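Work through the exercises below with the model open. Each task is followed by a stepwise solution.

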Amino acid sequence: MSSKGPGTAFAAALAAAALALAACGSSDPPGGGGGSGEPRTLTLWHYESADSAMGVAWTEAIRQFEAGHPNVKVKVEEKGFEQIQKTAGMVLGSDQAPDIMEYNKGNATAGLLSKQGLLTDLTEQVTKRGWDKLLSPSLRTTARYDERGVMGSGNWYGIPNYAEYVMVYYNKDAFEKQGVKVPTTLDEFTAALDTFVKAGITPIAVGGAEYPAQQIMYQLALSKAQRPWVDAFELYKGRVDFHGPEWTYGATTFADWVKKGYIAKDSASLKAEDMGVGFISGKYPIMVSGSWWYGRVAGEVKNFTWGSFLWPGNRLHAGSSGNLWVVPEKSKNKDLAYDFIDITMKKDIQNRLGNAGGVPVAADPAAITDEKNKELIENFNKLTAEDGLAYYPDWPAPGYYDVMVAGAQELINGAKTPSQVLDEFARPYDENLADIGG
Amino acid sequence: MTSLSVRRAASARRARRERREHGRVTGAGPGRWAVLAAMALLAVAMLLPFALVTLNALKSPADYSSNGPLGLPHGVHLDGIVQFWQRVDFGEKLLNSLVISGSVAVLAVILSVLNAYALGIGRVRGRLWVLVLFLLANTLPQEALVYPLYYLAKAAGLYDSRLAVIIIFTVIQAAFGTYLLAAVLGGFPKAIIEAAAMDGASRWRILWWIVVPISRPTLSVLLIFFFIWTWNEFFLPLIFLISNDNQTVPVVLGVLQGEKMMDATMSSASALLGIVPAVAFFLIFQRTLTRGITVGAVK
């Protein structure tokens, strides 16, 4: 090798570098009028797959937006969930921020960014365009954050397009075979579970290593709870006693269900994916999980007929608004972002979301044609009519998800008593409360 | 040479060979079989994930859900691979990965050689401490580097550009390269360098005409390792390559991992697409790799 070798390599590297620089420097022209004039680009990020209900509805929203704004091109970038989670704070602090993006609701995500001043306050637009009128009270909760970044009050920083809630998916064929009817009370539900256990079938599919187990425990706690308890637990409006009747019932009954064989002892290490596959393949007749499974269950269950019902006897159910549209503070086309959000809240797009198997927040139930999707949305409407969305158990404190997972696993394995597990739940919760000065 | 001596030499050779063969049959036999069995087991363990990925990449989602991840596919279903390719514009991501890994591999080797020449052959003062420093730098987790690098890149106007990733990984890989090469060049035969210096070669000339050609096997191995390591990097590219146009193959594979849902069949399809280039690259250059990581003896 002569001294020429490295020289050419350096030149090549420099050329590559120049190319890379040129590729990343394409910034949008600064904002102007939305209706006509110079060509503009609206950069939009989301992390829903194209064939999901949100993907379908938003593709149509983009088409309508471009039709209404002939000089605007929408540049959609489909992101990975993990990338958005890990990098949102950094991206929104830089000039590479998109004009509008989907982002997770909750104190640790949208709340944190709003506190850091990285999100645009949408309050004025919300009242001007009447978005608040379209959303029921428990959906509004996750769109508003106060100066501590705590949800429930303060300015609007996001707009949810869809909702989600936890329900019971069931295998109709298996229910018929055991002569079990759809239960309407918790006692009937327990009796149904007993019937399956007597027939040698483990009834409930559970993924103990992820969110499913804690949601069952939370549903059980909610069966003893009222709205003020939820507000205290999730929104810090009052004290929560982890050894009070709600959590005690939740944890003890959950442990009891494992003992009685409603939940398999080996499910502590299973993932949510295993739970879904277990139900879809017909191994377990019941799955307690969220509406995010609806499209997949509808598309992939082939060997039996299935249905869904709300957790029997509860007024409150785990669930919340879906993820939010947020407008970064550094967005260069805020006016266009507002116009786009407005389109996604229109009846037409909302109905489309419902027909594609999602839970719309402002759809016209009469316009939902598919029978199954109708059932999904009617159940949701029943739930919101009673103001029944109780959010998720892992929301109140940072890192609480892992605490909940660990607690549920210990109950499944029988490694700790319900009382010990509740102590573990209380500790990080109280620490967080002290941190935010609640 | 007489015929007798020839015969004697031949019989001595034969005796030696017999002794050797004899020894192999009795002494090393079971040991060899054990090693072979262990290697076979290891190979199966290594190949199993690949097989599983391939199996699931060829299933339809419904097939996967009703028969589980271990069931054999009912018919070949290539839609997952095709859809994934189109959805993320995989060709562009391949090119990005190629540009980044290629530049890093070349630049990092050059940087390592220059550093190691000074440390290993030049024997600069305090070289031990410099090497310890490089070793420590190697053990730093990337998570600890993220924020400083983020602010640096932003200040330099390089955030969200491939150049930022190229520079960062050139330095990271060169830290390891310097450490390794400095050790290798420390054992470089002095006689050759002294002879060249006697002939009036400058230090620069000695480096490019003597040291580099003789160390070429080591350098090739380093080049290939740097390429593959950089190719497989996930965390820093995830942070620094924000625009979809700039993303590398491992980053784009993450697109399929949703918040609560995963698309197992398409993930497998994408994983298959992600592995293939690295495996192909490895197979092409595996002859170079097997030539070993140390410099050959004095010629």
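## Exercise 1: The nonpolar core

Task: Find which residues of the largest nonpolar core touch the most other members.

Solution. Of the 193 residues in this core, Met217(A), Val326(A), Val109(B), Ala164(B) and Val165(B) touch the most other members. Helix α7 of chain B (residues 162-186) gives the core its largest share, 14 residues. A nonpolar core is a set of buried Ala, Val, Leu, Ile, Met, Phe, Trp, Tyr and Cys residues joined through C-beta atoms within 7 Å. A residue is buried with 20 or more other C-beta atoms within 10 Å of its own, exposed with 12 or fewer, and partly exposed in between; C-beta atoms are placed from the backbone.

The model is predicted: local features need pLDDT of at least 70, side-chain atom pairs count only at pLDDT 80 or more, and totals for chains, interfaces and linings use all residues. Residues are numbered from 1 along each chain as its sequence is written, while chains are lettered from A and ligands numbered from 1 in the order in which they are written.

Now take Val326(A). Leave aside neighbours within four places in sequence. Val326(A) is then in contact with Met101(A), Tyr103(A), Ala110(A), Leu119(A), Tyr157(A) and Gly158(A). Contact requires C-beta atoms, placed from the backbone, within 7 Å.

## Exercise 2: The fold of chain B

Task: Determine how many helices and strands chain B has.

Solution. Count the elements: 13 helices and 0 strands. These are DSSP runs, numbered from the N terminus: helices are H or I with at least four residues, strands E with at least two. Next, burial: 33% of the 299 residues in chain B are buried. Then take contacts in chain B with a separation of 6 or more: 78% of them join residues 24 or more positions apart.

Finally, check the record. An unreviewed UniProt entry lists "domain: ABC transmembrane type-1" for residues 94-285 of chain B. Such annotations may be inferred rather than shown by experiment. That span is 79% helix and 0% strand, with end C-alpha atoms 19 Å apart. Residues 94-116 of chain B are 100% helix, and their end C-alpha atoms lie 32 Å apart. Residues 206-231 of chain B are 96% helix, with end C-alpha atoms 33 Å apart.

## Exercise 3: Where the chains meet

Task: Find how many residues of chain B are in contact with chain A, and sort them by class.

Solution. 41 residues of chain B are in contact with 38 residues of chain A. Elements of chain B that each supply at least two residues include α2 (61-67), α4 (90-121) and α7. By class, the chain B side has 21 nonpolar, 12 polar and 8 charged residues. Here Ala, Val, Leu, Ile, Met, Phe, Trp, Tyr, Cys and Pro count as nonpolar, Asp, Glu, Lys and Arg as charged, and the others, Gly among them, as polar.

Technical notes. Contact = placed C-beta atoms within 7 Å.
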